[in-house]
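Please have the model open beside you as you read.

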Amino acid sequence: MLASLGTMPELAHQLSGLGGCTHPVRLDGHRTEYAVDQTTGEIGRVLHHLDSSTLPSGQLLVRCNNRRATRCAACAETYRRDTYHLITAGLRGGKGTPERVAVHPRVFATFTAPSFGPVHNRPSGGRDCRCGARHEEGDAVLGTPLDPETYDYEAAVLWNAHAGALWRRFSIYLRREVAKRAGLTQRAFRDHARISFAKVAEYQKRGAVHFHAVIRLDGPEGGDSPPPAWATAELLTDAIRAAATTARVDGPMIDDQAHTFVFGRQLDVRPIRSADFDDGQELTERAVAAYIAKYATKGAEATTGSLDRPIRFLAELAQARITEHARRMIRTAWTLGARPELSDLRLRAWAHMLGFRGHFSTKSRRYSTTLGALRDARADWRRAQAAAPAPQDGETTLVLAHWVFAGTGLSRAEAWLAASLEPAPGTEGEPTWTPAATS
Ligand SMILES: [Zn+2]
Ligand SMILES: [Zn+2]
């Protein structure tokens, strides 16, 4: 099973660098880092050499970095924590974002899809569902159509496919609506204020995408500059409502039916308070960041019981253990995907996402730090831990590397050893950074 007991500590050390990732990418190859004289350009001594065959597992193991909790719990957790920090930085400052953003007007808004037909639900006030039953929380029937035969599956899938475009339209209108309320032309608006946001997409039980967004009003330089005196959470809320109501995207004509996409009437906009204490009424920064981060690691599979990877043939659906409603959404996406006029929607490739092909979490450039920056910080830290000799003054480095994909996952022995490793204790809300055996 294991090559030898003597290599176990080394193998354990290499596996611990994966931070719990259970589906790492395996690479064969080598990487050599040379010091290069900056004036002569001459290649000098070897700073660092790595050959995968000398590693305890025989291969270089790289984290899969999958965002989906159903695919890799550890990598999804890293993604969730990074997203939490990204959202928090945009609300309270930190990680390169000024702390003054905490006093800028910010709201948390939820945008829903319109109705595609009545679905089983739990009406407020303890009333019965339209079907006559009173459904318990977690009832599998919730969110599924009362009458699947009349439910507009085509519109539901196409709405998901256009949700990203509808959001972009909304963000253009929002700038316009805020400018209008401030008595500014759109051209002049840029010299007074900026709107930045961070958003996540989530699936409702009925399989329709909806968006949660933090929207912030800054001064002309973004988070670095104070917002103008007229900028209030009330003005922002009012402008969001107007923009969400008017945003509209014209879709395709299918069998003589013209499709137009708008947001649903259920629009929730709440100001975010900077206080850390929660009196049970106001949304706090922490609650918002935790909420957004949680949904960043979910795909359609989490709420609708859909699939977590693309399908290649419609026949695969027969074996899939999914709900009948998800099956119909996927089948509709697959069928529409055969139409040449809809080819740019790539509905077959995104059928498992019920037509939605947008990003799960996006943000405007000025909102806060980026996930990439957080990852770079982690890589820098790992390099420092590895204590590789650094180039000296007047030197630069040259890296020659060649890697070949050798597979994914862990061997049974590696998986057993990895599972027996103590997870590194995480500090409150901080990403768990574990040193890698290799750089
Ligand atoms: Zn992973
Ligand atoms: Zn019902």
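1. Let me begin with Thr237, which counts as buried at 15% relative accessibility (buried means under 20% relative accessible area, exposed over 50%, and partly exposed in between, with a 1.4 Å probe and protein chains only). Thr237 sits in helix H5, residues 233-246; helices (H or I, at least four residues) and strands (E, at least two) are DSSP runs, numbered from the N terminus. Leaving aside residues up to four places away in sequence, Thr237 touches Val107 and Val269, where contact means heavy atoms within 4.5 Å.

2. A word on conventions before going further. This is a predicted model, in which local features need pLDDT of at least 70 and side-chain atom pairs count only at pLDDT 80 or more, while totals for chains, interfaces and linings use all residues. Residues are numbered from 1 along each chain as its sequence is written, chains are lettered from A and ligands numbered from 1 in the order in which they are written, and side-chain values use heavy atoms, with hydrogens and water left out.

3. For the overall picture, the protein chain contains eleven helices and twelve strands. Of its 439 residues, 46% are buried. Among contacts in the protein chain with a separation of 6 or more, 70% are between residues 24 or more positions apart.

4. Which residues coordinate the zinc ion (ligand 1)? They are Cys21, Cys64, Cys72 and Cys75, each through SG, at 2.2 to 2.3 Å. Donors here are N, O and S atoms within 2.8 Å of the metal (3.2 Å for Na, K and Ca); water is not among the atoms, so sites may look incomplete. The arrangement around the zinc ion (ligand 1) is tetrahedral because its four donor atoms subtend angles of 106 to 112 degrees. For reference, four donors count as tetrahedral if all angles lie between 85 and 135 degrees; four count as square planar and six as octahedral if opposite donors are over 155 degrees apart and all others between 65 and 115; anything else is irregular.

5. Along the chain, the donor residues of the zinc ion (ligand 1) have the spacing C-x42-C-x7-C-x2-C. Cys21 belongs to the loop between helix H1 (8-16) and strand S1 (25-37), and Cys75 to helix H2, so this pair ties together parts that are 54 residues apart in sequence. Cys21 is buried at 3% relative accessibility, and Cys75 is buried with a relative accessible area of 3%.

6. Helix H3 (residues 153-181) and helix H9 (residues 324-336) have axes that come within 9 Å and cross at roughly 75 degrees. That makes H3 roughly perpendicular to H9. Axes are lines fitted to C-alpha atoms, for helices over the stretch in contact, and angles run from 0 to 180 degrees between N-to-C directions; under 35 degrees counts as roughly parallel, over 145 as roughly antiparallel, 65 to 115 as roughly perpendicular and the rest as oblique.

7. Who makes that contact? H3 contributes Tyr153, Glu154, Ala156, Val157, Leu158 and Asn160, and H9 contributes His325, Arg328, Met329, Thr332, Ala333 and Leu336. Met329 also has a C-alpha atom separated by 5.9 Å from that of Leu354, 25 residues apart along the chain. Leu354 lies in the loop between H9 and S11 and is buried at 0% relative accessibility.

8. Finally, some backbone to check. Asn65 is not a glycine, yet has a positive phi of about 55 degrees; Asn65 lies in the loop between strand S3 (60-62) and helix H2 (73-92). Arg346, also not a glycine, has a positive phi of about 50 degrees and is in the loop between H9 and strand S11 (361-363). Asn65 is partly exposed at 48% relative accessible area, and Arg346 is partly exposed at 47%.
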